[in-house]
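Please read the following report with the sequence and the model open beside it, and look up each part as it is named.

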6 protein chains.
Amino acid sequence: MNQPVAAFAGRSLLSRYTACTVLAIGAHPDDLELGVGGTLARLARAGAHVVMAVVSVPGDRERRTAEARAAAAILGCELRFLIEGARRIDDFKPYQLVGMLDELVADLSPAAVFTHSASEFHRDHASVYEATVSAQRLRFFDFFSYHPTMCRPVPVPFNPRAYVDISETVDAKLEAINAHASQFSCRGIDTEVYRDFARLHGRMIGAKYAEGLDVGRMLLA
Amino acid sequence: MNQPVAAFAGRSLLSRYTACTVLAIGAHPDDLELGVGGTLARLARAGAHVVMAVVSVPGDRERRTAEARAAAAILGCELRFLIEGARRIDDFKPYQLVGMLDELVADLSPAAVFTHSASEFHRDHASVYEATVSAQRLRFFDFFSYHPTMCRPVPVPFNPRAYVDISETVDAKLEAINAHASQFSCRGIDTEVYRDFARLHGRMIGAKYAEGLDVGRMLLA
Amino acid sequence: MNQPVAAFAGRSLLSRYTACTVLAIGAHPDDLELGVGGTLARLARAGAHVVMAVVSVPGDRERRTAEARAAAAILGCELRFLIEGARRIDDFKPYQLVGMLDELVADLSPAAVFTHSASEFHRDHASVYEATVSAQRLRFFDFFSYHPTMCRPVPVPFNPRAYVDISETVDAKLEAINAHASQFSCRGIDTEVYRDFARLHGRMIGAKYAEGLDVGRMLLA
Amino acid sequence: MNQPVAAFAGRSLLSRYTACTVLAIGAHPDDLELGVGGTLARLARAGAHVVMAVVSVPGDRERRTAEARAAAAILGCELRFLIEGARRIDDFKPYQLVGMLDELVADLSPAAVFTHSASEFHRDHASVYEATVSAQRLRFFDFFSYHPTMCRPVPVPFNPRAYVDISETVDAKLEAINAHASQFSCRGIDTEVYRDFARLHGRMIGAKYAEGLDVGRMLLA
Amino acid sequence: MNQPVAAFAGRSLLSRYTACTVLAIGAHPDDLELGVGGTLARLARAGAHVVMAVVSVPGDRERRTAEARAAAAILGCELRFLIEGARRIDDFKPYQLVGMLDELVADLSPAAVFTHSASEFHRDHASVYEATVSAQRLRFFDFFSYHPTMCRPVPVPFNPRAYVDISETVDAKLEAINAHASQFSCRGIDTEVYRDFARLHGRMIGAKYAEGLDVGRMLLA
Amino acid sequence: MNQPVAAFAGRSLLSRYTACTVLAIGAHPDDLELGVGGTLARLARAGAHVVMAVVSVPGDRERRTAEARAAAAILGCELRFLIEGARRIDDFKPYQLVGMLDELVADLSPAAVFTHSASEFHRDHASVYEATVSAQRLRFFDFFSYHPTMCRPVPVPFNPRAYVDISETVDAKLEAINAHASQFSCRGIDTEVYRDFARLHGRMIGAKYAEGLDVGRMLLA
């Protein structure tokens with residue numbers, strides 16, 4: 001294996017966001033847990049104020065809202081829903097979606113934003129990515145995209161550039177994913193695959209488990 | 001303009017490399033000054049040990065070596081030459097180039113490496129990039145690519161993802177570039193274009209001057 | 001620097017469009033001035049009939065319409081608005097947008113069309129680009145895309161292939177941009193950055209100022 | 001079909017190069033005839049000084065040199081061989097190849113250069129493309145790449161952006177290709193496929209036959 | 001030419017789908033005939049149950065429906081229309097389109113699906129491609145994309161990876177295309193260009209005529 | 001999970017190559033085992049004649065040759081070494097490498113060839129890929145690329161399009177990898193990561209374990 005992360009000479013970037021607000025945007029409940037749950041838990045434990053923004057709940061609202069609340073509690077994050085009621089992302093025009101995110105960004109002044117990636121196959125996910133790109137024009141923040149998310153497998157190209165060691169939070173991540181019982185256990189879908197996935201990403205940095213992110217724009221110094 | 005960087009909520013990454021060694025690799029004298037001079041000066045001033053590794057001096061060795069020394073002194077960096085004498089990068093096989101970098105990385109244990117980018121049009125620059133990619137297999141380090149460098153203009157695609165505010169070091173960068181008189185003033189080539197370029201990159205983050213970098217692989221936390 | 005354009009052996013393409021109609025399409029007022037204003041002024045001065053087609057005015061219609069008129073007058077171009085009233089591009093379906101452009105192309109028989117580029121981050125800009133691509137099916141015209149436009153900075157990949165020397169019209173371009181006071185001076189946004197940008201593009205062809213374009217399809221001979 | 005080219009409102013670019021030198025670079029005999037023969041014939045007939053530069057003759061030198069001479073005569077172009085004797089492109093280092101092209105460009109001051117494309121699968125072809133890119137740094141010229149060339153079919157991605165109507169010179173093109181009997185008729189390889197190909201490209205501009213080119217960098221005006 | 005396909009050592013994949021259902025999805029009548037008509041005819045003749053699903057009939061419904069029926073009969077395929085009446089693809093939201101295809105896939109359990117390609121310039125075609133990508137999440141099938149289709153020429157990048165020898169069915173393909181008289185003969189558009197196109201694709205595999213396909217996901221063994 | 005492969009309606013492609021020769025090309029010993037070992041074992045068990053061609057043994061020849069022999073025996077394949085002695089791939093010019101593969105292809109008339117992928121970071125691997133692309137010009141064969149291979153982790157983009165279910169041969173694959181003790185166990189490198197990897201690829205097709213391949217060119221029917 002690679003030399004262990006413990007031997008990495010630089011300091012963790014965790015401290016960068018310690019006293020800041022970090023915003024994570026997911027199209028639907030469970031997207032953030034799948035894509036970036038381990039990272040959010042690490043940031044929250046390190047003292048950042050982490051806001052999970054779920055854009056829409058496409059159906060079964062009461063149950064899925066409760067699942068999302070349970071998951072956010074496990075990760076130590078604040079949870080917000082952007083679209084009220086049963087309307088879907090498709091029911092909004094692009095400029096309306098941009099408006100929602102502009103408002104959120106103005107309200108939170110986040111130091112970093114985590115969102116879907118450019119290569120997402122799900123139209124809702126791609127719409128959220130595009131709206132987040134536009135939200136950059138009003139305010140600078142570090143912009144990261146997480147791995148394409150899905151309950152069922154469809155291959156999507158994604159080439160991570162930045163890694164977060166989630167060895168200490170991978171269990172919380174899995175627990176948060178499993179809180180979405182309506183999406184996984186009730187359908188007989190095994191979630192251990194996400195642990196396998198984290199192990200493979202971990203290998204790239206010599207850690208036990210990791211999440212990979214794409215970098216849209218960040219301020220190094 | 002964008003909101004000023006002063007308002008950016010996160011902490012600078014400078015502190016990440018403060019007590020570390022940072023390695024910058026350029027194919028020839030002046031490449032590092034053009035591509036990443038302002039960043040290296042900032043890192044050096046912040047307390048990092050910055051090594052500028054020049055792979056080859058394709059001709060006029062005495063003069064160009066002296067120019068490179070003067071430039072490194074301006075930026076506050078240590079300078080090393082990898083290939084002795086008049087041999088060119090083309091005179092070495094890819095595995096020999098990888099061997100040189102492996103040795104350098106083993107010697108320095110750098111926390112970050114800055115090198116040419118994947119889209120470079122100059123064969124020597126591309127060879128250095130490829131050898132640096134291979135050097136990653138033995139040891140983890142943050143891997144950044146700087147803007148394609150050239151004295152004379154050839155358009156090359158490059159899409160930066162990470163920015164360094166060089167407002168405080170842009171003058172040192174220009175001074176270091178101008179130390180390469182044989183490449184610029186002696187040929188009547190104006191170097192103020194690099195200040196224009198830094199101003200445009202600066203605009204992307206709301207700073208007066210910046211350098212843009214591509215991110216190959218980095219450890220966020 | 002490069003050898004000056006004055007030394008370029010070939011003849012200018014200006015003469016190509018001299019007695020022709022050239023169509024430039026922008027999503028909103030100010031897009032054309034930012035992206036291709038210097039080129040349009042040069043074409044108009046050389047005797048081409050240049051039509052600036054603004055697809056929509058997203059708000060503050062009276063003021064922005066007046067600004068657009070002033071800017072078109074500075075550049076010497078005819079101005080048309082495609083969508084009446086307060087409706088936005090998002091309010092039309094793609095085939096409706098294609099229909100508008102089909103009609104415009106049938107009416108004007110343009111020798112060249114300038115439009116947004118494929119990599120635009122603004123959904124409205126991308127929609128205009130896509131509709132222009134479709135408009136090619138009915139009639140041949142030279143198809144060029146201009147640099148992504150925005151008042152506030154968001155990095156967007158764009159690799160120009162064709163350059164227009166705008167040394168003689170860069171002042172008109174800046175004046176036309178500044179005519180959109182509601183977008184720039186009233187918001188405290190400095191427009192000199194567009195002069196810097198033109199200087200950097202100019203460097204690629206050895207001219208003082210230039211605009212860069214992407215080439216979708218053109219007839220060379 | 002499209003509206004006929006006759007109806008195209010703009011003037012032909014042929015006049016651009018009429019009193020100029022145009023340089024076409026091919027790795028081996030027959031590459032230029034296959035890729036851009038119809039265009040070269042049109043330019044020559046319009047009064048341009050067209051130089052066909054063949055970088056190497058990989059074997060059977062006497063015969064293939066004679067074939068190339070016959071083909072150049074058919075197209076009305078001057079022919080030059082860059083590498084003497086039996087040495088191959090692989091026998092030269094990249095900087096040596098760049099040196100050869102630098103010399104040629106300095107000698108001819110071409111208004112336009114036609115060369116292989118970036119996506120060529122043949123290593124020699126790719127080397128010639130890369131060296132031509134570098135030759136741009138010393139002098140400005142319009143830079144075009146022609147369709148990947150091969151006697152036997154291997155699919156290679158190539159997306160033309162500029163078209164030349166070769167309806168009047170397609171017969172000369174085929175005749176010039178057939179002059180390379182050692183590569184085609186002697187091996188039982190049918191060359192009519194190149195006429196089919198020209199017909200398909202022609203369809204894109206409403207002409208009977210055309211060649212498609214990629215645009216690296218050009219000065220529009 | 002290449003060695004003839006007859007000499008290809010492997011067995012045809014035709015047998016793979018012999019007793020299976022194969023689903024081909026086209027945005028409008030004539031898309032499937034243009035893109036994949038020869039392949040569908042071969043599959044039908046070999047015993048596969050081939051369903052041609054036309055998503056919408058944008059106008060002139062009675063006539064175009066009759067033309068599509070005639071074409072499907074020529075190719076030996078079953079024909080289905082997904083959207084009733086005059087509504088267009090643009091009138092449906094992405095999730096509704098995905099729902100239609102989910103239902104179709106659930107109903108047919110296809111072994112392979114042929115659909116538009118990712119690089120289509122027509123918004124309706126791109127929407128059908130994207131919805132088919134999503135339909136993969138519920139069920140595995142071989143996923144192929146056919147060449148961009150259009151009655152009038154607009155260049156679109158497409159790089160086929162898989163070929164089907166249609167030497168025996170190219171006449172049926174042309175006949176099926178010509179059954180759409182309202183789109184071709186009535187507009188004076190020549191369809192022999194599609195035979196030229198098939199000949200060029202054929203050359204890539206040493207067959208007289210072929211269709212090229214992109215491979216999204218397939219099970220080899 | 002996805003619906004199980006058992007439910008896939010089509011027939012396996014295994015039968016395609018049953019009585020054929022299949023050629024797998026790897027730059028060094030262990031590349032083929034890592035990239036495509038499970039597929040080769042399945043093909044061999046199904047009756048194909050599988051030839052593993054190792055281009056060079058960069059050092060420690062006796063030991064590594066013996067390891068490669070043991071691994072090939074485990075997979076049931078014939079083994080050939082292309083370069084004798086201690087010379088490296090870098091010691092050969094591209095046309096010499098193409099010549100070696102041309103000879104091998106002429107000798108074996110393979111129905112399919114498996115080789116490195118276009119995006120490989122190791123120069124030797126990329127050279128082998130490029131030479132295989134050229135070898136296509138003389139003879140048609142199905143052309144597949146396997147996942148980038150390395151003992152130590154460097155992230156490389158790779159997007160598989162074709163999958164092989166290796167549930168029955170994953171143990172043989174791991175055993176064959178472990179036969180290269182000098183590369184793994186002797187260096188303390190754990191090989192179970194390749195089982196994890198196969199499990200993740202398997203998920204994409206609903207199988208327990210799979211290998212993913214890119215498709216360069218194949219004949220479907």
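This is a predicted model: local features need pLDDT of at least 70, side-chain atom pairs count only at pLDDT 80 or more; totals for chains, interfaces and linings use all residues.

Residues are numbered from 1 along each chain as its sequence is written, chains are lettered from A and ligands numbered from 1 in the order in which they are written, and side-chain values use heavy atoms, with hydrogens and water left out.

**How the chains are related**

Chains A and D, by contrast, do not touch, and their nearest C-alpha atoms are 20 Å apart; contact here means heavy atoms within 4.5 Å. Likewise, no contact joins chain B and chain E, whose closest C-alpha atoms lie 20 Å apart.

**Helices that pack together**

Helices (H or I, at least four residues) and strands (E, at least two) are DSSP runs, numbered from the N terminus. Helix α6 (residues 193–203) of chain D has 9 of its 11 residues buried, that is, under 20% relative accessible area, with exposed meaning over 50% and partly exposed in between (1.4 Å probe, protein chains only). Its buried residues, including Tyr194(D) and Leu200(D), pack against α1, β6, α5 and β7 of chain D together with α6 of chain E.

Two helix pairs can be set side by side, with axes taken as lines fitted to C-alpha atoms, for helices over the stretch in contact, and angles running from 0 to 180 degrees between N-to-C directions.

| Helix pair | Angle | Axis distance |
|---|---|---|
| α6(B) and α6(C) | about 130° | 10 Å |
| α2(D) and α5(D) | about 170° | 8 Å |

Angles under 35 degrees count as roughly parallel, over 145 as roughly antiparallel, 65 to 115 as roughly perpendicular and the rest as oblique. The helices α6(B) and α6(C) are therefore oblique to each other, whereas α2(D) and α5(D) are roughly antiparallel. In the second pair, Ala71(D), Ile74(D) and Leu75(D) of α2(D) meet Ala172(D), Lys173(D), Glu175(D) and Ala176(D) of α5(D).

Ile83(E) lies in the loop between β3 and α3 of chain E, and it is buried, with a relative accessible area of 2%. Apart from its neighbours within four places in sequence, Ile83(E) is in contact with residues including Val55(E), Phe92(E) and Met100(E).

Most residues other than glycine have a negative phi. Asp60(A), however, has a positive phi of about 55° although it is not a glycine; Asp60(A) is in the loop between β2 and α2 of chain A, and is partly exposed at 45% relative accessible area. Ser109(C), also not a glycine, has a positive phi of about 45°, sits in the loop between α3 and β4 of chain C, and counts as partly exposed at 28% relative accessibility.
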